[in-house]
Amino acid sequence: MARKLTCKNCGATSSPEDAGTNWNPLGRRYGKMLYECDCGYGLFAGLFLTSIATPQEVQDQRRAMQDAGIDPSKDLSTGDREKILKEAPPGDTDFEVGDRVTHPLYGLGTVTSVEEEAGNRLVAVLFDEGWGSVALRLNVPDAKLRKT
Ligand SMILES: [Zn+2]
């Protein structure tokens, strides 16, 4: 039995498995399940914490799924998720602190600093999974790093 989730925008509460639920599961994004609420906002559901997803993030996820040929009304497998990341359009290389990025080896992360050093642009990224609190300094645009 799945737990009940409460929308931080409209206050609607139900379990995603309830009949007539306000939640539409959109697969995983940023390492968390993303549920779309009927009101257009969404919820990132982690193991202990939930956080609000903006309508923009919900639509970005829907578009990424559709671009990858996946029906957003169905739950995502790990393979589907990797497919979405692989086929996501490359972002520009003009990174800013706070940008969400993806790397083919390290996965998803957040840019924590951008520096110019000896003519090179170094981007430090804190990756979500596996790499824990390790911040890598990547030389862009050589690194296969792009915005999500
Ligand atoms: Zn809502």
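A residue is called buried here if 20 or more other C-beta atoms lie within 10 Å of its own, exposed if 12 or fewer do, and partly exposed in between, with C-beta atoms placed from the backbone. By that rule, 24% of the 148 residues of the protein count as buried. Please keep in mind that this is a predicted model: local features need pLDDT of at least 70, side-chain atom pairs count only at pLDDT 80 or more, and totals for chains, interfaces and linings use all residues. Residues are numbered from 1 along each chain as its sequence is written.

**Confidence**

- The pLDDT, which is the predictor's confidence in each residue on a scale from 0 to 100, has a mean of 76 over the protein, and 70% of the residues reach 70 or more.
- Where pLDDT is low, predicted coordinates should not be read in detail.

**Overall layout**

- The secondary structure comes to eleven strands and two helices; helices (H or I, at least four residues) and strands (E, at least two) are DSSP runs, numbered from the N terminus.
- Along the sequence, the pattern reads β-β-β-β-β-β-α-α-β-β-β-β-β.
- Two residues are in contact if their C-beta atoms, placed from the backbone, lie within 7 Å. Among contacts between residues at least 6 apart in sequence, 34% join residues at least 24 apart.

- Strands E3, E4, E5 and E6 form an open sheet in the order E3-E4-E5-E6, with antiparallel pairing; two strands pair if DSSP finds at least two bridges between them.
- Strand E3 (23–29) and strand E6 (50–53) each have a single partner strand, so they stand at the edges and one side of each is left without a neighbour in the sheet.
- From one strand to the next, the twist averages 30°; axes are lines fitted to C-alpha atoms, for helices over the stretch in contact, and angles run from 0 to 180 degrees between N-to-C directions.
- E4 and E5 run antiparallel and are joined by four bridges, with Tyr35 standing opposite Leu43 in E5.
- These two strands, E4 and E5, form a hairpin with four residues between them, and Gly40 in the turn has a positive phi of about 105°.
- Strand E5 (residues 42–45) is also joined to E6 by four bridges, again antiparallel. Across this pairing, Leu43 stands opposite Ile52 and Ala45 opposite Thr50.
- Helix H1 (residues 55–67) lies across E3, strand E4 (32–37), E5 and E6, and runs at about 75° to E3.

**A look at Ile52**

- Ile52 is found in strand E6 and counts as partly exposed because it has 13 C-beta neighbours inside 10 Å.
- Beyond its neighbours within four places in sequence, Ile52 is in contact with Lys8, Asn9, Tyr41 and Leu43.
- Lys8 is 44 residues from Ile52 in sequence, yet the two are 6.2 Å apart in space, C-alpha to C-alpha.

**Nonpolar cores**

- A nonpolar core is a set of buried Ala, Val, Leu, Ile, Met, Phe, Trp, Tyr and Cys residues joined through C-beta atoms within 7 Å. The largest one has 14 residues, and those with the most contacts inside it are Leu5, Leu26, Leu34, Tyr35, Cys37, Leu43 and Ala45.
- E3, E4, E5 and H1 each supply at least two residues of this core, and the largest share, four residues, comes from E4.
- Another core, of seven residues, lies apart from it; among them are Val111, Val125, Phe127 and Leu145.
- In soluble globular proteins, nonpolar side chains tend to be buried together.

**Strands E7, E8 and E11**

- Strand E7 (residues 100–103) is joined to strand E8 (residues 107–117) by four bridges, and the two run antiparallel; His103 stands opposite Gly107 in E8.
- E7 also pairs with strand E11 (residues 146–147) in the antiparallel sense, over two bridges, and Val101 has Lys147 in E11 as its bridge partner.
- Thr112 lies in strand E8 and is partly exposed, with 15 other C-beta atoms within 10 Å.
- Thr112 and Glu96 are 16 residues apart along the chain, and their C-alpha atoms are separated by 8.3 Å.
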